[in-house]
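Colleague: I would like to go through this model with you. Let's take the labels one by one and ask what stands behind each.

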Amino acid sequence: MDFGSVSPMIRITHRISLDEREIEESFIRSSGPGGQNVNKLSTAVQLRFDVRNSPSLPDDVRARLERLAGRRLTLDGVLILIAQRHRTQERNRADALERLVELIREATIPPVPRRPTRPTLGSKKRRLEAKGHRSAIKSLRGSPTD
């Protein structure tokens, strides 16, 4: 049997899974911890995920993810995460992947629609009383009249 064509999936939610081939990793020099190795080894991970062209994401999740990504999203719609907290490549890879999964999970939660409310009668009365009190205080500040 040939298992070479089967790519492992990264589980996000029970409905959404990412194919590992959608994620591109490159290793760069880290500015974080590493001691003397910091100038010799490429321990930092730059993870790239094409949000706009991903077949794994539903449209609503894609739109929310683009908004959540902010400056980490390129003009082409590629999300770039850089992980350099740890001293080893493996831990930085796991950190970057974990952050991507968490960001996508956050994008799966639909925003709660705002229900318009009106102020209560009591709050209106308190507001007007406070305004009247403030007005009285300010009117006493004027110069005395004969």
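Colleague: What covers the buried residues of H1?
Modeller: This is a predicted model. In it, the cover includes strand S4 (44-50), strand S5 (78-83) and helix H2 (89-108). Contact here means heavy atoms within 4.5 Å.

Colleague: Which residues of helix H1 are buried, and what makes them count as such?
Modeller: Helix H1 spans residues 59-69, and its buried residues are Val61, Arg62, Arg64, Leu65 and Ala69. The cut-off is under 20% relative accessible area, so each of these five falls below that value.

Colleague: What follows H1?
Modeller: Gly70 does, with a positive phi near 60 degrees.

Colleague: What makes Arg118, Lys124, Arg127 and Lys131 a positive surface patch?
Modeller: Lys and Arg count as positive, and patch members need over 30% relative accessible area and no salt bridge, with like charges joined within 9 Å. Arg118, Lys124, Arg127 and Lys131 form such a patch, so they meet those terms. Arg127 is found in helix H3, residues 121-139.

Colleague: In what order do the elements run?
Modeller: From the N terminus, β-β-β-β-α-β-α-α. The chain has three helices and five strands.

Colleague: How much of the chain counts as buried?
Modeller: Of its 146 residues, 29%.

Key:
Residues numbered from 1 in each chain as written. Predicted model: local features only at pLDDT ≥ 70, side-chain atom pairs only at ≥ 80, totals over all residues. Heavy atoms only, no water. Patch = residues over 30% accessible without salt bridge, like charges linked within 9 Å, V, L, I, M, F, W, Y side chains within 5 Å. Areas by Shrake-Rupley, 256 points an atom, 1.4 Å probe, with all protein chains shown as cover. Salt bridge = Lys/Arg side-chain N within 4 Å of Asp/Glu carboxyl O. Charge placed at Lys NZ, Arg CZ, Asp CG, Glu CD. Helix = DSSP H or I, 4+ residues; strand = E, 2+ residues; numbered from the N terminus. Buried < 20%, exposed > 50% of the residue type's maximum accessible area, 1.4 Å probe, protein only.
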